[in-house]
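Okay, thanks for coming, everyone. Let me put the model on the screen and then walk you through a few spots.

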Amino acid sequence: MPEGQGGIRKMIAPAKKKRSGTSEKTGAVLVIGGGIAGIQAALDLAELGQKVYLLESSPAIGGNMARLDKTFPTNDCSMCILSPKIVECGRHLNIETITWAQLEEVSGSAGNFQVKIRKRARYVDMEKCTGCGECAEVCPVTVASKFEAKIGDRKAIFRPYPQAYPNTFVIDKTGKSPCRVGCPAGININGYIALTAARKYEEALNIILETVPLPGVLGRVCDHPCELECHLGCGKEPVSICAIKRFLADYQRNNGQPKKTVKRHQQELAKVAIIGSGPAGLTAARELARKGYRPVIFEALSKPGGMLAWGIPDYRLPSDILEQEIQDVLDEGVELICNTTFGLDITLEQLRQQDFEAVILALGAQAGSKMGLEGEQLENVVDCIAFLREVNSGRKIEVGKHVTIIGGGNSAIDSARSALRLGAKQVTIVYRRSRTEMPAIPDEIETAEREGVKIFYLAAPERLSGKDGKVSSMECIRMKLGAPDESGRRRPVKIPGSEFTIETDMVIPAIGQKVILPDGDDLKGIEQTRWGTINTDPADTSTNLDGVFAIGDAVTGPQSVIKAIAQGRIAAQAIDCYLRGANFEPLVIPHREDITPEPPDAESFSRILPRQHQEELSVAESISSFDEVEHGLTQEQARTEAQRCLKCAVCSECMACVEACKAEAICQDQRDVIEQIDVGSIIVLPGFEEFLAGQKYDYGYSRYDDVVSSIQFERILSASGPFAGHVQRPSDGKTPKRIAFLQCVGSRDISCRNGYCSSVCCMYAIKEAVIAKEHLKDVDVTVFFMDMRAFGKDFDKYYERAKAEYGVKFIRARVSDINQKNGSDSLVVQYSPQSGCVAQDEFDLVVLSVGLEPMADSSALVKKLGVRLEPNGFIWSEPLNPLRTSKPGVFVGGAASGPKDIPETVTQASATASEASQLLADVRNTLTTKREFPPEIDVSNLPPRIGVFVCHCGINIGSVVDVPVTAEYAKSLPYVVYAEDNLYTCSQDAQDHIREMIAKYKLNRVVVASCSPRTHEPLFQQTLREAGLNPHLFEMANIRDQCSWVHMNQAEQATNKAKSLVRMAVAKVAPTEPLQTASLDVTPLALVIGGGLAGMTAALGIADQGFEVTLVERQKQLGGNLRNLRSTFAEPNVQAYLAHLQEHVQKHKNIAVYTGTELESIEGFVGNFQSTLKTDSKETKIEHGAIIVATGGNEHKPDEYLYGRDKRVVTQLELEDLLSRQEPLSGVNTAVFIQCVGSREEEHMYCSRVCCSTAINNALKIKELSPETEVYVLYRDIRTYGFNEQYFQTARDKGVIFVRYEADNKPKVTGRDKLKLTVREPLLDCELLLEPDLLVLSSRINPDSDNEKLAQLLKVPVNEDRFFLEAHVKLRPVEFATEGIFVAGLAHSPKSMPETIAQAKAAASKACIIISQDKFEGEAKIAKVDINRCSACGICTEVCAYKAVEVILVDERLGTKAAFVNPALCKGCGTCCAICRSGAIDVEGISNHQIDLMIKAI
Amino acid sequence: MEKIESKNLDAQFKYDVAAHPGGENIKLCFACGTCTAGCPVSAVDPEFNPRKIIRQVLLGMRKEVLSSPVIWRCVQCYSCTVKCPQNVKFRNVTKALREMAVTEGYADADLLQEVEQLDEFSQKLRRDLVNALITDRDKFKKLKNKAEEITNA
């Protein structure tokens, strides 16, 4: 892993050791989950001085946010805003990112946990992998990508997305595929199947040949037990593995491809004799030859092959195929001597004399068994071995007219089919059991029957009768099946009196084969079994005679070819060990327990095509000759067949990646590793999983291709998605004209056990609808919803814009069914409109807005952590402190504790950091490290000496751009004193090399021509610093993304362009000067403005982390709005909570409270603020390093609905007050609530977020106090997001009536002695007349009236609703663009108590990051003003988002003014340079002059 | 526009239905309309609108609901029940409403029985029509015409 770590890693020892006597806590935190929450928490904690372990179960951090296209409500590209965070996190010295890993075990307690982590085998060396991606290019295994929500693919070796950190690949291996385990020889079947599917036939064949010889033979005659294991066999036909093998062998033979030469040992080792040239002997011989031995095969007959040559007829295995494949074996260094009978022509003794050091007996079972029947000696009774040997001899032989075969094995079938071909008129097989027990290959039996062979099942011969010494008839008896015998098959039992007779003139018994050992003394003393076979140790094939091994049918009795081959392999291995004098090391063959539990993509099962069948000769053609019957699969068929494979083990272990990886990073034999780490706290942020839409059958997901989930649609929209951002239907690629969105799929639905609201779907659906509209101008988009929950900051504006500007249609209805119309490809959506009955609309594409669910493995995680779950399966957290789990020291945040959007997740992440940092405050900086660099070499007066390093990036650049030529060219450029090309310039050894070259050639500027500076510049800059150079004396030329990738097919022009890019970089770097950052002291104190819930919580958060806080409150008392609240869902007794909080704040030694105090003025900048506080007339001056704005908001006093004119009309807060009094509801028969009073209207187009929940809470309170009171809630959308949905349900259950009204037809209230309220009831389409005794208005939340004044004082912005505007609504929710100032609570936007608390803690975390540093380091590349040119017009001060520029007096005597850039605040964005009319501002390191030079160099 | 005055509403009605076997979950309804959208009766009879019936119950329109002929039109197929996200079980609600209509004198017991027999009869009719459709087209046309004659009358 080249990124993130420098060549020299100088870690200085922790500054502070554990102080004795203070604590035993560990200054490290485990963050579980590498999504945006985990990344944010890790960054905050690392900045707060804690060592962080970031644990992620997938191969890369980034989480769900990396999968999103855009984010609402700003339509920012999700990846663009996320990836800088990913890079920052990945490179942080004190964050150890552990991906592809799981939590195993947790012990210990808060402050001191011991955690075991399982690092899953990645099969890729992270130190070596450079992320070039060549491996994935060659990988033949394609599976559905989870990252792409299964509408896109990935390879078995993959990284989830291109910007991933770590930028290294991982191999997805889930075990061994069942086929491979089913193969007795352990051939890597899924390997060659995968390669066949990828048209890599030669490589595929090599995989077979690696394990076994004779592929063409096996492809024809193997009984393929592998196919029985194939997962496809459950429900479909298995992959035709055997036929694919035959195709590969035939393809090579027909196309004459060069065979891979096998590396042999240099030295020839001992001689080994092999007796018998059947498949077992041939295999053993080949394996021994490959190991460097000199094998010699002795064969008794005239040609080699054993039963393959003499037992299997040509129509099944043509002799030329066999001969050639035997020749292939001999070509590997095997000697063959035919016509030499063991025991007769050569003896064991002679072999020993001839220096054979070991002997393998592979004699086979060459004699037919006798039946022991009367008449067996008659003429024309020929045992099948003898018969088939005659057939295979090529001699012309006569058969009878009526041939009868006895037996049910492959030899019986072969004899029968051969007899047909030799002219028999009728061929009958008599078999004593049923078809099920028949040992012959089922396909063979079928073919035999097709060819006209008649089979009598459950019949056995009793005696043979003859005429003239020749057989003429056979008497048989019927059998039935009894109990199973020792072979497991049911034993046949005769049925008395069922005898019958078959007329026959030739009988071929095929009832078994016997082993015949040589006569004489030769093998005297060898142990035999009671069946006459040779007795061996099955593990290593050794016999009782020293140096004598035995394999094949001679050991096992008649068996399959593949089993004989498997034994041959074992014998070779055993002999190798024996001759080396070593203990036997068994071959690595996958076992049954290694089988992968289930195929990776079970959903695609139903779409798998039927099995391909090879062409065959017609029956008439077949039986008229011995020509091969089966023709083999065509190339197209073989590929189609291979593509049916389910890829059970994902990685096929074809080793293509090993060969492709130039960095030699693949290590296929890696194992999982369990590591223990010690941490003081654990933060759980694993995120969520999307609801599996297939559970809602009526919506047709997975039945119809064009019904997609919202995350799939996100990928469809994404430019990096499977359709490259072209909005199209997955089924046919057509552009949709009508798109429907269905809300609440898997949310607010107790039928799928998800009663809660998923909080984010309304907004993401609107966003996806809007983006779809942006992609396709004419597309018609309809959103079907129940309540539009646009409750967040600026969400309602977005919703209104979607309607008005984009023309997205919104229909308030829950869809019941989606069906495809017969004969059409459009989808019919059925729903019930508000006033109406049933309606249908047609769409081309339907997007299901799926809800958020707890992580599938969260219950396992929770068990290990010892925390508890809430009823919906999310992690339980304290109602008012949503960051605390049930276990001290373990914190939670983000979607793990309930559905929430990105800003809230990020806020909670920072808040958890605050909690953990508070717990571990006294061990801060005990386990963190700092990088140390040598002093910088002064290059200021030296002429530039530039070094250029040009990267091949494996073949990413090198295969297009001529890299050596480019490097050579660089040498000719001005000031370049050294240039070279590297395979990977970013690799670890390359960094060492660059440093050496800097020293050797005294380089003082460096150019790297490789990839993107965004990912790699910091790495090279670090290398420069390690070499003693200022990191800004560096420039990168992106000759990959901007050259080799985009000009893949124009090598020559690409090389020219690469030269130009290098030339520009050299031109730019030459005049570059070293840059330094501003380093400023920091005042370790924070100022909190506002003493309400947010302010007090933030102050405590900072104070508990050990820093001083000044808390300023305008009112005489602390508490703010809390003083008016009585109860909320989260806290039934708000006043008690307030009293406790207030006391805590006032007694805290680190907090100075100023009540009745206003902020008078504020000066300075981050780390160094000076403020004046005014209490009555007294002024206090304080110095502080950070500011938190927590000025709150207030309930709007409405002027509608008779409020203020009729005392029966009250606001929610007034109702709370009323409800706390004695007998508050006497005489109230009807209470009516009106929602959205003053909210979500022009002028105030925002949702006040808490009113729905508050109203429901109060309605429930009324029902509790006075069940007789009828309560009506008049609403526009009920927005009880998240778990608050349950209270909406409870309210309905308690009898609260909810009536919806439209914004343009509000309720009307009149009244004197009785209030009269009229509202239109939309479902009945009528006027509803109510007479409320109490009318409660849910009035909007206003921002504080002084917000604008404070904003000016702090130079921070407010939005159009006068709430403070954060730096970035998604990822910087508590920060201002201006460094050192933060916001929390209602000052930011309306929010609930728990949300305010989380945000206040997040702000505390951010403030502590600033004030915990000894020094504040500014940016290096910042704007600089040339005061001679500056006209002090001040435009730059207006455009600066960071408020870093101001116009100051530069010459007091002359009174000249000029702009001044505060180096602590400037971010180097360059806006001021662009706007400056006199060209007086430049950003150092990217000056106009340098850009000019670059342009001129083109 | 029709007016509903709260003084004419019976707030107790919803509790009564909820107390009746089958009506337990009626108050959980959040008026999404899935029941109506997926209802085979609503598909052919716009007057039969389950969501509307529930709404009337919740508002307290006792007389209108119990005396209405529409509560007798449900074919008891459970479609609404399986699709409902709030487990309202409207099919059972109709059972409760029918029984209440009988008890409270809006309908007589015979009607209840006859409607149940009618369900059996209409299933038989459907069976015959389907059989005829497959085996004897002419017979089917005759049967259908006759049935249509009756329904149109």
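So, which side chain does Thr26(A) join in a polar contact? The partner is Asn112(A), with 3.2 Å between the two side chains. By polar contact I mean a pair of N or O atoms within 3.5 Å; within protein, one must be able to donate a hydrogen and the other to accept it, and residues adjacent in sequence count only if both atoms are side-chain atoms.

Quick housekeeping. This is a predicted model, with local features needing pLDDT of at least 70 and side-chain atom pairs counting only at pLDDT 80 or more, while totals for chains, interfaces and linings use all residues. Residues are numbered from 1 along each chain as its sequence is written, chains are lettered from A and ligands numbered from 1 in the order in which they are written, and side-chain values use heavy atoms, leaving out hydrogens and water.

Back to Thr26(A), which sits in the segment before β1 (28-32) of chain A. Helices (H or I, at least four residues) and strands (E, at least two) are DSSP runs, numbered from the N terminus. Thr26(A) counts as buried because its relative accessibility is 6%, and the cut-off for buried is under 20% relative accessible area, with exposed over 50% and partly exposed in between (1.4 Å probe, protein chains only). Leaving aside neighbours within four places in sequence, its contacts (heavy atoms within 4.5 Å) include Gly111(A), Asp678(A) and Leu920(A).

Next, a sheet. In chain A, 3 strands make an open, antiparallel sheet in the order β6-β7-β27, where pairing takes at least two DSSP bridges between two strands. The edges are β6 (101-109) and β27 (673-679), each pairing on one side only. Strand β7 (residues 112-119) is joined to β27(A) by 7 bridges; Lys116(A), for one, has Gln676(A) as its bridge partner.

There's also a hairpin: β48(A) and β49(A), with 2 residues between them, and Gly1167(A) in the turn has a positive phi of about 85°.

Last, the interface. How many residues of chain B are in contact with chain A? It's 39, against 43 residues of chain A. The two chains bury about 3,300 Å² between them, 57% of it on carbon and sulfur atoms; that's accessible area (1.4 Å probe) lost on being put together, summed over both parts. There are 5 salt bridges across it, meaning a side-chain nitrogen of Lys or Arg within 4 Å of a carboxyl oxygen of Asp or Glu. One of them pairs Lys83(B) with Asp817(A), closest N and O atoms 2.5 Å apart.
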